[in-house]
Amino acid sequence: MTQKLVIDPVTRVEGHGKVTVHLDEHNKVKDAFFHIVEFRGFERFIQGHPYWEAPVLVQRLCGICPVSHHLAAAKAIDQIVGLEPRDLSLPAQKIRKLLHFGQIFQSHALHFFYLASPDLLFGYDANPIKRNVVAVAMEYPALAKKGILMRKFGQEIIKLVAGKRIHGISTTPGGVHKKITAKERNYFLDGKDIPSIDTMIDWSVEILEFIKEYHQKNKSFLNTFAAYPSGHLGLVKKENGFLELYDGNLRAIDAMRNITLDDIPNDDYADYFYESVEKWSYLKFPYLKHLGKKKGWNRVGPLARMNVCDGIETPLAEKERQEFMAMTDGKINNMTMHTHWARLIEILYCAEMMKALLEDDDVLSNDLLRKGERRSEGIGIIEAPRGTLIHHYEVDDKDRITRCNLIVSTTHNNEPMNRAVRWVANNVLNGKPKITEGMMNQIEVAIRAYDPCLSCATHALGQMPMQMQLIDRYGNIIDEKLR
Amino acid sequence: MKNYDKILIIGIGNCGRSDDGLGWAFIDKIKENLPANFNCEYRYQLQIEDAELISHYKVVYFIDAHKKHFDNGFIWLPCSPKATDSFSTHELDPETVLYLAKNIYNKQPETFILGITGESFELQIGLSKVAQQNLLSAISFFNNKVNTQYIKAIT
């Protein structure tokens, strides 16, 4: 008899997904899939709208990373009004980057403190009632306070630039529509009303010390769990190959660190990427055309960014990156659970960058807008918290969007997440007579490392029961768990 | 001039889902006429950082849509701290937020929940007629209640 295990929905990720593990009569794993069961349709229903609405409309894709969609779309729309990223005024570029770093800082803090830390602090086999951020807050209040205030800091930066924390508006074609005042920036520098940016840097360093200590104690698990060879993709600085989150070239490497995408300009992305579909998921599977579907898929996100970049421009984060890379003797790091560590290095990088930008008088300038010559096509690529995010628009002579292509970060990670699920299925579930909650949770742990954003803006809030079903080959539920 | 303590009103919901926007609509209607010691916040859902927010206030009102029918169109409840056993922390209930404020920040504001009955929660902008009527009833009740509380607070 063939059995099928279902985890539906997957919890503590952004949005809904479902995992099915297919077992045979001996509890041997036959196959495992990570299904994305939400359908959005943004690429279609944005057609016909005037192009300047895109940055506002597409950020509704998400309640966690709307800023990322706002900025990727804004970069694309800049091109439609005839401007490359470097053509924008320096103040506009810096204000946009400040917004971007605030977004990544708060999103990474949310993921580490709220979603990932319960697994790390209480263990993967802990009672699921305990494995949540409320329990973290109760048992580790000092850590929870820092997590709350770090996320708040990032959100306040977003509010400063975009007017509100979720779905605010900052960009306008060719720039930004609001400068920052001296009083506004002092709010983040003087530490009187909220902990200052210097405190954010200190706390970022502290949390990195925590993860390094945690790694020392749990090395065998973190180094092996859901680890598998893969390609990695991310943006790098055009001038020196350093980590770049806002505007850089596309670089990919394979599992042996051979370059597979050699610092490609954003405008050429369509020559290199293709997306396939599978009937069991709404999420597409992107890959590099010249490598084919089997070899051309890549991880994206913090771990990928650490792997593809040649350095980090801020001193503290660069020191941490070097330590991180030394662990693998400079070789590629394919250890999925190290994504948490890489994410914290980026938290520190964002904090350092926010400090530099807040202290830069350019952000106080009124020089916010540029104009160019109208074009019919625009491409915007940024590094969102979860990885490389691509927005591509075409418009007609009446300013209406006629075509839209979005490759979001989690889409790149579709194949990697499926690989991670199969790893757990084969290495943890295989052949076991009974599937425990802790074992099932390990599947979620593997997925959660990628911080997937499965479109949280659409789910029914407060209605997320954790359901597990054991189903035989005839569709009969032979076991079911709810929590 | 009366020296009221700081008071917070949190409207919870999503105005893109018809009557789920009742919490926001409540704030939209009343915020212009509130005394200076009132602050208002809009939320899609409550999260753990709201424990830090409410820890700065003496009194907190949570306003949200309710799916249940009530004869007068709303329900008014005092809110007590209570730990959740939910595995999902995408959203928290007011009781849990209060529980966290008490345990993390050692603060326990006086807290109330005003649930206003809605009937349509589909993707749509604007409240149903029933929800609009219930909103007006709830606002009238709230004004009277809050005024009474002020008097009680200063006497």
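Residues are numbered from 1 along each chain as its sequence is written, while chains are lettered from A and ligands numbered from 1 in the order in which they are written. Because the model is predicted, local features need pLDDT of at least 70 and side-chain atom pairs count only at pLDDT 80 or more, whereas totals for chains, interfaces and linings use all residues.

Chain A contains 16 helices and 18 strands; helices (H or I, at least four residues) and strands (E, at least two) are DSSP runs, numbered from the N terminus. Of its 483 residues, 51% count as buried. A residue is buried if 20 or more other C-beta atoms lie within 10 Å of its own, exposed if 12 or fewer, and partly exposed in between, with C-beta atoms placed from the backbone. Among contacts in chain A with a separation of 6 or more, 70% join residues 24 or more positions apart; two residues are in contact if their C-beta atoms, placed from the backbone, lie within 7 Å.

Which residues of helix 12 of chain A are buried? They are Ala317(A), Glu320(A), Arg321(A) and Phe324(A). These residues cover an arc of only 105 degrees around the axis, which puts them on the same side of helix 12 of chain A; the arc is that of the directions from the helix axis to the C-beta atoms. An α-helix has 3.6 residues a turn, so residues three or four places apart point the same way. On the other side of helix 12 of chain A, Pro315(A), Gln322(A) and Ala326(A) are exposed. The cover over the buried residues of helix 12 includes helix 8 (197-217), helix 11 (302-308) and helix 13 (339-358) of chain A. Helix 13 of chain A is itself largely enclosed by the rest of the structure, because 18 of its 20 residues are buried.

Chain A also holds an open sheet of three strands in the order 13-14-15, with antiparallel pairing; two strands pair if DSSP finds at least two bridges between them. Strand 13 and strand 15 (401-407) of chain A stand at the edges, each with a single partner strand, so one side of each is left without a neighbour in the sheet. Even so, seven of the eight residues of strand 13 (residues 377-384) of chain A are buried, so this strand is largely enclosed by the rest of the structure. Eight bridges join strand 13 to strand 14 (residues 387-395) of chain A, and the two form a hairpin with two residues between them. Within this pair, Ala384(A) stands opposite Gly387(A) and Ile382(A) opposite Leu389(A).

In chain B, an open sheet of five strands has the order 2-1-3-5-4, with mixed pairing. Its edge strands are strand 2 (38-43) and strand 4 (74-78) of chain B, each pairing on one side only. Strand 1 (residues 7-12) and strand 3 (residues 59-66) of chain B pair in the parallel sense over five bridges, and the bridge partner of Ile7(B) in strand 3 is Val59(B).
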